[in-house]
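I opened a new notebook page for this structure. Below are my entries, in the order I looked things up.

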Amino acid sequence: MTKKILETRHCGVLMHPTSFPSPFGIGDLGSEARQILKMLADSKVTLWQILPLGPTGYGDSPYSARSTFAGNELLIDVRSLGKLCGEQARAKNISDPENRCTGRVDYPWVYENKMPLLKEFASLFINGSSSKTDYDAFCKKNAWWLDDYALYQALVHEFNDSRWYLWEDDLKLRKKTALNKWTKKLSKEIEIYKVLQFFFYSQWDDLHVYANSLGISIIGDIPIYVAGDSVDAWTHKELFKIDENGMQTAQAGCPPDAFSEDGQLWGNPVYDWDVHRKDDFAWWRKRMEMTLNQVDIVRIDHFRGFESYWEVPAGDKTARNGKWVPGPGMDLLKHFQKINVIGEDLGVLTPEVKLMQKKSGFPGMKVLQFAWDFNDGKFNTENAYLPHNYEKNCVAYTGTHDNQTSRGWYDSLPDYYKDYVRRYFQSPDDDIVWQMIRGVISSVANTAIIPMQDIMGLDDSARMNLPASVGSANWSWRYDPSQMQGWMMNRLREMIEIYGR
């Protein structure tokens, strides 16, 4: 895939695999995924944007995964495992016990019901008589991350706790004797997690090839930070501001602003960029390489953090006392200039961040919901997020996974805001979402991305995430085919064709 994909006009749809309809309470990589991709291709959609694919932990956020390199086992399609696991597996009755093909993802239910089934299939695979040549090759190729990940997940299961920094000292600090002891003791569980990763990557690679065969490129996502309770932090403490006892000496967040007087305390470990520089950012280069094996284009979350980031002292309960610390800037980003990268540049951008963005050449993001503000009671026509102010080298959205749906956003506006939105798009209330879609697709932006919820005109009950919150509503929205009316994708196709995408 050449960089030209971001330099010519394309339209994409934002929808994470967990949102697909499928059995066992959560979207997967099976037949429904292919049906949706075929629907997108028939509508001339050429980009499919997803969220990070890693295995989620507390809060179920894909931006707080337990591994940078592993895939989310819960996305594995159980129904197609028979061909990998032999006749005994094919004979099993695979059905959805509670008719959970649609409806919100109930993560506790999924972990309780789907994960044991996945492990059962992994055991069948291990004990089966079929050839394991592909599996052995997968384990050998990926041993550099897979061995640590499988051990880590087995330990999490053993202790019922992913907070490795609370484990016994020898294990927390990865003493060789402790690692050998637990690797031997948990060998069966470790093997199961390796098999599950083989299942995931086999299915994901097939789906990726299928998407490309339809003319669809996949936009993936890299969170700038790793989770504190991740195998990355446990195995590579030297890359982060983590002391010799495994405790963070600083944590990530963002500063106080008009929306939060205390700022946002994310809690992730922050990088020790001086250490990364010593090997020319080898870990980050490997991270990008691995992601580009999964997808065709990479969106880097919190891109401004590479110029400078908000570092909060360890132990603080708010982000108020943080400070700006220089990031690696172009020393790191120069390695990615020949590949397809989108820089998530939302928020307050300093001249230094804008300069870094310009030097990198990466397109930034324009979110239409951010376009409406007033100066001294007068509508600000110079807002950079208004479609008439876009430049070609950007990715335009009606909204993202962190926003309200466009219908929910519009319905929540005060009347004087609604009036300006209606006048800008010359649209009545009932068609405003489609005129927002038209505004993004018709703009000069090379890339336009529309969340599936907006195509379907759904309200905030279909919102994907509310930032700075934890709850069952986050990350759990799922697509219900009965809500998709034929005219919706037809109208999208018409706009794509009319505006040359």
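**Entry 1: a pair to start with**

Which residue forms a salt bridge with R299? I found D301, with the closest N and O atoms 3.3 Å apart. I counted a salt bridge when a side-chain nitrogen of Lys or Arg is within 4 Å of a carboxyl oxygen of Asp or Glu. R299 and D301 are both buried. Buried is under 20% relative accessible area, exposed is over 50%, and partly exposed is in between (1.4 Å probe, protein chains only).

**Entry 2: ground rules**

I noted that this is a predicted model, where local features need pLDDT of at least 70, side-chain atom pairs count only at pLDDT 80 or more, and totals for chains, interfaces and linings use all residues. Residues are numbered from 1 along each chain as its sequence is written, and side-chain values use heavy atoms, with hydrogens and water left out.

**Entry 3: the whole protein**

I looked up the overall build. The protein has 19 helices and 14 strands. Helices (H or I, at least four residues) and strands (E, at least two) are DSSP runs, numbered from the N terminus. The C-alpha trace spans about 70 × 55 × 40 Å along its principal axes. For 501 residues, a compact globule would have a radius of gyration near 23 Å, and the protein agrees, with 23 Å. That radius is taken over C-alpha atoms, and the globule rule is 2.2 Å times the number of residues to the power 0.38. Of the 501 residues, 57% are buried.

I then checked contacts, meaning heavy atoms within 4.5 Å. Among those between residues at least 6 apart in sequence, 75% join residues at least 24 apart.

I got a count of 24 salt bridges. One of them joins D262 and R320, with the closest N and O atoms 2.7 Å apart. D262 lies in the loop between β4 (250-254) and β5 (264-265), and R320 in the loop between β7 (308-313) and β8 (323-326), so the pair ties together parts 58 residues apart in sequence. D262 is partly exposed at 27% relative accessibility. R320 is partly exposed too, at 43%.

Next I took R277 and D274, whose closest N and O atoms are 3.8 Å apart. Both sit in helix α11 (residues 273-278), three residues apart, about one turn of the helix. R277 is partly exposed at 34%, while D274 is exposed at 54%.

I also found a network of salt bridges linking D28, E32, D77 and R79.

**Entry 4: strand β1**

Is β1 mostly covered or open? It is mostly covered: five of five residues in β1 (residues 10-14) are buried. H10, G12 and L14 point one way, and C11 and V13 the other.

I looked for its partners, counting two strands as paired if DSSP finds at least two bridges between them. Five bridges join β1 to β14 (residues 447-451), running parallel. G12 stands opposite I449 there. Three bridges join β1 to β2 (residues 47-49), also parallel. Here G12 faces L47. The chain goes from β1 through helix α1 (residues 31-42) to β2, a right-handed β-α-β crossover. Right-handed means that, with the strands pointing away from the viewer, the path from the first strand over the helix to the second runs clockwise.

**Entry 5: V395**

I ended on V395, in strand β13 (residues 394-397). V395 is buried, at 0% relative accessible area. Leaving aside neighbours within four places in sequence, its contacts include I342, P363, T447 and I449.
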